Amino acid sequence: MLDNAPLRKLEFNGLTIEGYSRAAVQTYWRIPEMKLGFDLGLQPWDFMGTATWFISHTHLDHIAALPVYVSRRRLMKMPPPTIYLPEIAVGPALQVLKAFSRLDRGKMPCTLEPVVPGQEIELSRELVVKVLPTKHTIPSVGYIVSQRRRKLKAEYQNLKGDEIRDLRQSGTDVTDEHRHPLLAYLGDSRAEAMDQSPEFYEADILIMEMTFVAPDHRKEKIHKMGHIHLDDVVARRDKFKNQKIIASHFSTRYTGHQIYEHVKAKLPDMLDGRLHLWL
């Protein structure tokens, strides 16, 4: 495939996390096994086959590739994609697509679906996406992707197969729904969003921002900008129950070496080896 954008990759628990993220540059993620992606700051050519996207917010480094992605799928005769984004952003995003349609003299077929915190989106029988509130400088949301399964209720677990069948045929619901949070995507946000929605801390995999890491960068200003400092992570280290924590969206003020050195100084154990720096 054409290599038109930087890409990093990590495989964990049967999932492949692909993407790239640098503050004020571009952010885009894809999990091919789930057939979905997060944010469209740029669109690697290989991501074009993924038809479902979840946008955290509409800063350009997270959404600038929207018209490019939609247009490319049309040119390749692919079905229109479905893109979920904060409710307040749907109208302006439609206007952008219409403007580019006039400039490009080509159609921009897609479905823009508004989301609000608390909403749930069924992707399949097995996967459900929950929308959670986050705290940034413009309206923003995060997402939790959970695996959904039905299990036999405790009171029926000692019954024989034919007895369970008879109960089902009589209209009795013999199962409960159980959900397991597989992956959480925070987007750009202050750390308090995770405190207010502890599901972020409980997902197997957490993709979070850690834009600033240097000790001399003022945390009050960083928080006002709607971002996370390394010290915010250190202060919450006991809250992270995730099996893998992907820290990303680092400021361009730092080199990769500087990021690594700052993090290792404050978190020498890298959160018991669970912390992965997306560099």
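Biologist: Which residue in S2 is the bridge partner of Leu10?

Modeller: The model is predicted, so local features need pLDDT of at least 70 and side-chain atom pairs count only at pLDDT 80 or more, while totals for chains, interfaces and linings use all residues. Residues are numbered from 1 along each chain as its sequence is written, and side-chain values use heavy atoms, with hydrogens and water left out. Strand S1 (residues 8-12) pairs with strand S2 (residues 15-22) in the antiparallel sense over five bridges; strands are DSSP runs of E of at least two residues, helices runs of H or I of at least four, numbered from the N terminus, and pairing takes at least two DSSP bridges. In S2, the partner of Leu10 is Ile17.

Biologist: What phi does Asn13 have in the turn?

Modeller: S1 and S2 form a hairpin with two residues between them. Asn13 is in that turn, and its phi is positive, at about 50 degrees.

Biologist: Why is the pair of Tyr28 and Phe47 classed as it is?

Modeller: Rings of Phe, Tyr and Trp (its six-membered ring) pair if their centres lie within 6.5 Å; planes under 30 degrees apart count as stacked, over 60 as edge-to-face and the rest as tilted. The search of the whole structure finds 11 aromatic pairs. For Tyr28 and Phe47 the centres are 6.2 Å apart and the planes are at 80 degrees, so the pair is edge-to-face.

Biologist: How many residues apart in sequence are the parts that this pair, Tyr28 and Phe47, ties together?

Modeller: Tyr28 lies in strand S3 (residues 26-31). Phe47 is in the loop between strand S4 (36-40) and strand S5 (52-54), so the parts tied together are separated in sequence by 19 residues.

Biologist: Is His227 buried or exposed?

Modeller: His227 lies in the loop between helix H7 (219-224) and helix H8 (230-235). Buried means under 20% relative accessible area, exposed over 50% and partly exposed in between, with a 1.4 Å probe and protein chains only. The relative accessible area of His227 is 9%, so His227 is buried.

Biologist: Which side chain does a polar contact of 3.3 Å join to that of His227?

Modeller: A polar contact is a pair of N or O atoms within 3.5 Å; within protein, one must be able to donate a hydrogen and the other to accept it, and residues adjacent in sequence count only if both atoms are side-chain atoms. Leaving aside neighbours within four places in sequence, the residues in contact with His227 (heavy atoms within 4.5 Å) include Asp188, Glu209 and His249. The side chain joined to His227 at 3.3 Å is that of Thr211.
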